[in-house]
Amino acid sequence: MSDTPFGFGLPPEEPDDGDEGKKKDQQSGGGQGPANPFGFGGLPGAGGFGGGPGGPGADNPFAAMFGSLNPNDLGAAFQQLGQMLSYEGGPVNWDMAKQIARQTVSQGSPDGTKDTSVGPAERRAVEEAVRLADLWLDDATSLPSGAGSAVAWSRAEWVEATLPAWKELVDPVAERVGTAMGDVLPEEMQAMAGPLIGMMRSMGGAMFGTQIGQAVGVLAGEVVGSSDIGLPLGPAGKAALLPVNIETFGKDLSVPQEEVRLYLALREAAHQRLFAHVPWLRSHLFGAVDGYARGIKVDTAKLEDVVGQFDPQNPEQLQEALQQGMFQPEDTPEQKAALARLETALALVEGWVDAVVHAAAKPRLGSADALRETLRRRRASGGPAEQTFATLIGLELRPRRLRDASRLWASLTDARGVDGRDALWHHPDMLPTATDLDDPDGFVHREQIDFSELDKMLGEAADQPDLRKKDEGEDKSKGDDAG
């Protein structure tokens, strides 16, 4: 270990060519991140806070850190440094994440579009689209409407509304990183360096918050609703669409804007029905993410290299290490099962939505096939923000087997009808497995277990102790009266 053990030096270089080079560029958000004075995302011309060793101000840490900023930015720079070092919350500085996300949104998306406030006409258009979508879905699914209201969000409003869900997704992984940052130091050094370890964790929380904030901000420029990634990110019962992103999405499709909006409203309303009326589904998905996170191991060798090379002129180097990925899944049966459970669940959710929306839209929209294929490809490829989350969390929130799942749900509709298909959501053990996606016909024609009687028996058994206590109380009361 070097003579400067409490900082963040550069991790080993990786080849920056071919697909790897492209991947790194995508993970950085394509240069669309906020102009952050601490180097998260890179300041134009900053050269790593003074151009690195030997650069301008190399013998003066403050000149190196802030020499590339004009005087008007210094106040904001010192304020953000204070926020970084004074943070004492959880594993991610979510206040900073929110701030960075809002800054990223305010800069506009890579295609040049800016965030705008939603006007009354756009709100009415979204409300009418969701209302009509719910009417169409009544013929395609037995699950009733799950949207108590329809809302039109700006990108900034999407950030505000979805941060609680991101917190639930990211905190388990970030907690492991924060623990690992302290654990890589020798035990005797930990005893002597408590305050420095605390500062290191504060900086780690801020840096994680910065990267998550940037990714959320970039994603806000891509999403069209609250359920784009197959998880319920927004408040329950609110079908949400983003008019500015819908307009961008439909710009080059040669499809009328009204049809694009209506098709996306169908998808949003279908997600709302599923999450509203399958009460165990949300906890099942988020629990699978948490189970996967518990099986992630931090690359301690890389982290030791980072922590073992303190360079006060380059605190952003931990950020670069985060971007290159420090997380590897444990190669254990439990970890493989957690990943398979999550991937299958995401595929089943997205496949059901795809099949149901297609059944509702096909007879009514001439563009249904084209819009379906566009959205399938969009979900399969993901954007720069999704790839950033994959690097940070070690997990891709993409339904790898969307087409297989959609075919299976369509086959179930043909064989069992809408009610028989949707009845499978009554219990998680009734759903198809990853193996069933390989053999959809075998699953479709297999006799299904009826869990309703089992649930009834379990409910009655759970009530028995209360009934016995009540009977005993009545017997005692009768005995007292007799006495």
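In this predicted model, helix 15 (residues 368–381) packs against helix 17 (residues 402–422) at an angle of about 135 degrees, and their axes lie 11 Å apart. That angle makes helix 15 oblique to helix 17, because an angle counts as roughly antiparallel if it is over 145 degrees and as roughly perpendicular from 65 to 115 degrees. On the helix 15 side, the residues that meet helix 17 are Arg372, Glu373, Arg376 and Arg377. Helix 17 contributes Leu402, Arg403 and Ser406 to this contact. By residue type, the contact of helix 15 with helix 17 divides into 5 charged, 1 polar and 1 nonpolar.

Helix 17 also packs against helix 14 (residues 333–361). Here the angle is about 65 degrees and the axes are 8 Å apart. The crossing of helix 14 and helix 17 is right-handed. From helix 14, the contact takes Ala347, Leu348, Glu350, Gly351, Trp352, Asp354, Ala355 and Val356. From helix 17 come Leu402, Ala405, Ser406, Trp409, Ala410, Arg421 and Asp422. The residues of this contact divide into 9 nonpolar, 2 polar and 4 charged.

Next comes the nonpolar interior. In soluble globular proteins, nonpolar side chains tend to be buried together. In this model, the largest nonpolar core has 91 residues. Those with the most contacts inside this core are Trp158, Trp166, Leu281, Leu285, Trp352, Trp409 and Trp425. Helix 14 gives the most to the core, with 13 residues.

What does Trp352 touch, beyond residues up to four places away in sequence? Its partners are Thr141, Leu143, Ala270, Leu274, Trp409, Arg421, Asp422 and Trp425. Of these, Trp409 and Trp425 are also listed among the core residues with the most contacts.

Arg421, one of the partners of Trp352, lies in helix 17. Is Arg421 buried or exposed? Arg421 has a relative accessibility of 2%, so it counts as buried, the cut-off being under 20%. Leaving aside neighbours within four places in sequence, Arg421 is in contact with Ala140, Thr141, Trp352, Val356, Trp409, Leu412, Thr413 and Arg416. Thr141 is therefore a partner of both Trp352 and Arg421, with contact meaning heavy atoms within 4.5 Å.

Met207 is placed in helix 8 (residues 194–220) and is buried, with a relative accessible area of 0%. Gly108 is found in the loop between helix 4 (94–106) and helix 5 (120–137), and at 10% relative accessibility Gly108 counts as buried. Between Gly108 and Val218, 110 residues apart along the chain, the C-alpha separation is 8.7 Å.

Ser254 also lies in a loop, the one between helix 9 (243–250) and helix 10 (257–277). Ser254 is exposed, with a relative accessible area of 76%. Although Ser254 is not a glycine, its phi is positive, at about 55 degrees.

Taken as a whole, the protein has 20 helices and 4 strands. Buried residues make up 49% of its 483 residues. Among contacts between residues at least 6 apart in sequence, 81% join residues at least 24 apart.

Technical notes. Residues numbered from 1 in each chain as written. Predicted model: local features only at pLDDT ≥ 70, side-chain atom pairs only at ≥ 80, totals over all residues. Heavy atoms only, no water. Axes fitted to C-alpha atoms, helices over the stretch in contact; angles between N-to-C directions. Helix = DSSP H or I, 4+ residues; strand = E, 2+ residues; numbered from the N terminus. Parallel < 35°, antiparallel > 145°, perpendicular 65-115°, else oblique. Nonpolar A, V, L, I, M, F, W, Y, C, P; charged D, E, K, R; others polar. Core = buried A, V, L, I, M, F, W, Y, C linked by side-chain atoms within 4.5 Å. Buried < 20%, exposed > 50% of the residue type's maximum accessible area, 1.4 Å probe, protein only. Left-handed = near helix turned anticlockwise from the far one by under 90°.
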